[in-house]
Amino acid sequence: MARQPVLYALLSLALLPFSWALKFDLAAHTGRERCIRNFVAKDTLVLVTAIVDGQKGDGQQVNMHIKDAVGNEYGRPKDIVGEKRMAFTSHADAAFDVCFENQLVSSRGGSPSRHIELDIDIGADARDWSAIQAQEKLKPVETELRRIEELVGEIVGEMDYLRTREQKLRDTNESTNERVKWFAFGTMGMLVGLGAWQVVYLRAYFRSKHLI
């Protein structure tokens, strides 16, 4: 009975897409980037879809740069207008940035800007399920169940990753506590030894001076 709420929670999370959309205006500047960061596990499929309004030759040039926190780069498309889709598989467990730069090529007065709509799909949501359904001749219900199965698998994998990370943090914490304990004992021993040495030294000094 205790496992049913957990199962229901996993199924509820599976019905939620691992994707999000963001809309913003990017003013034209020189040498400035606006980055959106997200975390992804290693060997995970990521689909980045950017829709940029405007047209080429309007004095602005929007460039996109996808990279992660450990130095891997996944693409640098330049002069984006309209819809741009980029898919990549992550090389490490790390945060990745999707950065946009709106370069002012020629000034036409005012404050030029471009409107950008960004969608990031991660994991199962990044796959083309319509193509999979057509290729494998699946029914719509079978396709949806397949998608939910992969999402639940990703959730279980994420929970295992969090459990492993928590175990490492706990081991690090216990190791640190053990080192602090022995450092405290060593410090106390040094202080006691130094105090005893001072007593012996002062007693010998005062005796040599015939003060005691």
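**Group meeting: a helix-ended chain**

Okay, let's start with residues 182-202: over that stretch the chain is 100% helix and 0% strand, and the end C-alpha atoms sit 30 Å apart. UniProt, in an unreviewed entry, places the feature "transmembrane region" at residues 182-202. UniProt positions are in the numbering used here, feature names are shortened, and such annotations may be inferred rather than shown by experiment.

A word on what you're looking at. This is a predicted model, where local features need pLDDT of at least 70 and side-chain atom pairs count only at pLDDT 80 or more, while totals for chains, interfaces and linings use all residues. Residues are numbered from 1 along each chain as its sequence is written, and side-chain values use heavy atoms, with hydrogens and water left out.

Now the overall layout. The chain has three helices and eight strands, and along the sequence they run α-β-β-β-β-β-β-β-β-α-α. Helices here are DSSP runs (H or I, at least four residues), strands likewise (E, at least two), numbered from the N terminus. Of the 212 residues, 28% are buried; buried means under 20% relative accessible area, exposed over 50%, and partly exposed in between, with a 1.4 Å probe and protein chains only. Take the contacts (heavy atoms within 4.5 Å) with a separation of 6 or more: 75% of them come from residues 24 or more positions apart.

So how do H2 and H3 pack? Helix H2 (residues 129-136) and helix H3 (residues 140-208) meet at an angle of about 125°, with axes 10 Å apart. Axes are lines fitted to C-alpha atoms, for helices over the stretch in contact, and angles run from 0 to 180 degrees between N-to-C directions. That makes the pair oblique, since under 35 degrees is roughly parallel, over 145 roughly antiparallel, 65 to 115 roughly perpendicular, and the rest oblique. On the H2 side, Trp129, Ile132, Gln133 and Glu136 meet Pro140, Thr143, Arg146, Arg147 and Glu150 of H3. By class, that contact has three nonpolar, two polar and four charged residues. Nonpolar covers Ala, Val, Leu, Ile, Met, Phe, Trp, Tyr, Cys and Pro; charged is Asp, Glu, Lys and Arg; the others, Gly among them, are polar.

Most residues other than glycine have a negative phi. Asp43, though, has a positive phi, near 60°. Asp43 is in the loop between strand E2 (34-40) and strand E3 (45-52), and is exposed at 58% relative accessible area. Asp79 has a positive phi too, near 50°, in the loop between strand E5 (73-75) and strand E6 (82-89). Asp79 is partly exposed, at 24%.
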